[in-house]
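Here are my notebook entries from an afternoon of looking things up. Follow along with the sequence and the structure if you like.

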Amino acid sequence: MVVNTLPRLRRRVSAAFAPLSRPPALPVRAATGSEVVRAEGVTVRRGGRALLDGVDLTVRAGELLALVGPNGAGKSTLLAALSGDVTGGPARGEADEGAVLLLDRPLPEWTPPQLALRRAVLPQEASVSFPFPVAELVAMGRAPWAGLCAPGADDAAVAAAMDGTGVAHLAGRRFPTLSGGERARVMLARVLAQDTQVLMLDEPTAALDIGHQELVLSIARQISEDGGAVIVVLHDLGLAAAYAHRVAILSGGRIAAQGAPADVFTASLLGNVYQHEVEVLPHPRTGVPLVVPLR
Amino acid sequence: MTAPDTTAPERVGVDGGPPPGPGGRAAHRLRAVLLLAGLGTGLVAVSLVAAGAGAYPVPAGQVASSVLHAVGLEVGTPPDRIGRTVLWDVRFPRVVLAVMVGAALGAAGAMMQGIFGNPLAEPGVIGVSSGAAVGAITVVFTGLTVFGHWTIIAASFVFGLATTLFVYVFARSRGRTEVVTLLLTGIAVNAVAGAAIGLMTNFSQDAEIQTITFWQLGSVSTATWSKVAAIAPCLLAGLAVIPLHARRLDLLALGEGPARHLGVDVERMRLVLICALALLTSAAVAFAGIVAFVGLVVPHIIRMVTGPGHRVLLPASALGGGLLLLAADLLARTVAAPAEIPLGVVTAALGGPFFFYLLHRTRAKQGGWS
């Protein structure tokens, strides 16, 4: 039937073109505990102002690192630098220094297709130019794997990602008809379907209710427990304390402190960084630090 | 469907049911195949009718028979000698040129919307057609013949490409193209191009003015086989980028950053596609003048039928553009026969109100422009 022969024909054609487009090799997963992302003295200047000022950061496989800090502290800029989005040259007073290594190789030495198999990025804002159906959007996360895995594996990864984020029932809906929270979860599903060892999430919980916030962070935590490395920008210090193995507190483009939440979430440090007095108390049942602003 | 039962048994087993995706996808794929087949059939049918219609009518059956005889199949009754001459020397070149110009404009419109990430981008609206026309008219005005027959195409390509790049650079900010900026840029570009064309018209002789008017209004009435032969390679080269870039255009809908994170070399793709769509637009302009709105109307209708996926949208827009322009040309030369209405007037009369509706809808959806 025509319906069956079309994809077969397409695979033949793409196989014929494959030597031209140099298919990337399958990624090798780094062992748990080994370094996957390292930032060395990353400095980003825009308009004469340093958004990041000599940031050193290391993320290991099997770890969930939360980036926290006040507005404008450089959380998103740091995540953009780690994902390779900050590529400003020395023009118009912009000067970037330092290096970011992914799996022991500097970012510029990776090609975009190679990077796409190793790290996935969830941007802060979710917008789509055309009204794609949800299932197609999530399947876009599989694009880097085209020609590298069986078609069944693509379907399975898409279905698993949609089940995990609770958007399976939205498969046939078009993106613009979704609510803010649904959009955020669809975009997360797309990133999860990309099935990479390194995951970078920029405020994945911003548009979500409490239940979905917990869902998203428990997914992220599970991925790190399974040997992935997750870097997540968070505003909610309670969530960071509950789910992150390690937190890095950014302030004015520098890392003010990093370490286990229980060690770095102190009233004096947070009060200083956020310019607002806070109280830090252990949760009566779990012992996880709770951060409460002084009212 | 690609035999999911054999390749994904684990998933089916775990859930105790078939995966939810493929069923809907098979229906979607069937719809896409039906759409492409329907457009292809429609194109053939309208071609036969269009080739038969005119001052010397030839029944569609005889037109088909004439074509079949030409390829060596002795089927049906071919038309008489006059009919054959009318068909092969006048009507067929015109029909083929109309289809090719339409296909080029339809595909260029769809590509442009994908690259700009904006459903209102169209070669005529944002001024690329006018830019290319300035190139073509400059050649007519100065009487340049450096590359013989190809001079006009070359000039309109250079001007079309320059205009596309200009609009692209100036209408974008921070990786997105806002509707207002895009349309205002289009107004500015069209104004400058209009000034250049007006200036050249002012200092032209009568014969040149007629040619220049031809470009401004758009028409395929001067079709010859040599023109068809000249536009064909441009069309094929422009359409050749579709198979490799359709999927990447889908990813670009997520934005430039996310597309890059999914492995797309955005800079290279942009360069290739802008060159391709400038080639398509300028080839169409060089042979048919400014025929606006085809690239706006067709992709929009296709999107309503099969969704925004570019793997169907791009080829379907090429087919649909050919069909629309062929029908518009048929209308242009029959509705006021024996007089002829310029083709660009017909498409503008149909496309203008449609653009109005699109603007209205986009505005309503966004809740304002700012």
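Entry 1: Before I start, I need a cut-off: a residue is buried if 20 or more other C-beta atoms lie within 10 Å of its own, and exposed if 12 or fewer do. I also note that this is a predicted model. I looked up D104(A) and found it in the loop between β4 and β5 of chain A. D104(A) counts as exposed because it has 10 C-beta neighbours inside 10 Å. L103(A) lies in the loop between β4 (95-102) and β5 (105-106) of chain A. L103(A) has 21 other C-beta atoms within 10 Å, so this residue is buried.

Then I checked the backbone angles. Most residues other than glycine have a negative phi. L103(A) is not a glycine, yet its phi is positive, about 50 degrees. D104(A), also a residue other than glycine, has a positive phi near 70 degrees.

**Entry 2: A80(A).** Is A80(A) buried or exposed? I counted 22 C-beta neighbours inside 10 Å, so A80(A) is buried. I located A80(A) in helix α2 (residues 75-83) of chain A. Leaving out residues up to four places away in sequence, I noted that A80(A) touches D85(A) and V86(A). I also looked at D202(A): it is 122 residues from A80(A) along the chain, while their C-alpha atoms are separated by 9.1 Å.

**Entry 3: a sheet in chain A.** Strands of a sheet pair through backbone hydrogen bonds, either parallel or antiparallel. I traced an open sheet of six strands in chain A, in the order β6-β7-β8-β3-β9-β10, and its pairing is mixed. At the edges I found β6 (119-122) and β10 (254-259) of chain A, each pairing on one side only. On average, neighbouring strands of this sheet are turned by 15 degrees against each other, direction ignored.

I picked one pair to look at: β7 (residues 198-202) and β8 (residues 229-233) of chain A run parallel and are joined by five bridges. L199(A) has V230(A) in β8(A) as its bridge partner.

Entry 4: How do β11 (residues 278-282) and β12 (residues 289-293) of chain A run, parallel or antiparallel? They are antiparallel, and five bridges join them. I saw that P282(A) stands opposite P289(A) in β12(A). β11(A) and β12(A) form a hairpin with six residues between them, and G287(A) in the turn has a positive phi of about 80 degrees.

**Entry 5: helices in chain B.** I moved on to helix α14 (residues 294-306) of chain B, which has 13 residues. From its first C-alpha to its last, α14(B) reaches 18 Å, close to the 18 Å expected at 1.5 Å a residue. Among its buried residues I listed L296(B), P299(B), H300(B) and R303(B). After α14(B) comes G307(B), with a positive phi near 90 degrees.

Last, I looked at helix α11 (residues 242-252) and helix α15 (residues 310-334) of chain B, which pack at an angle of about 130 degrees with their axes 8 Å apart. α11(B) and α15(B) are therefore oblique to each other. Where they meet, α11(B) brings residues including I242(B), A246(B) and L249(B), and α15(B) brings residues including H310(B), L314(B) and P315(B). The residues of this contact divide into five nonpolar, one polar and three charged.

Notes:
Residues numbered from 1 in each chain as written. Chains lettered and ligands numbered in written order. Predicted model: local features only at pLDDT ≥ 70, side-chain atom pairs only at ≥ 80, totals over all residues. Helix = DSSP H or I, 4+ residues; strand = E, 2+ residues; numbered from the N terminus. Contact = placed C-beta atoms within 7 Å. Expected span 1.5 Å × (residues − 1). Pairing = 2+ DSSP bridges. Axes fitted to C-alpha atoms, helices over the stretch in contact; angles between N-to-C directions. Parallel < 35°, antiparallel > 145°, perpendicular 65-115°, else oblique. Nonpolar A, V, L, I, M, F, W, Y, C, P; charged D, E, K, R; others polar.
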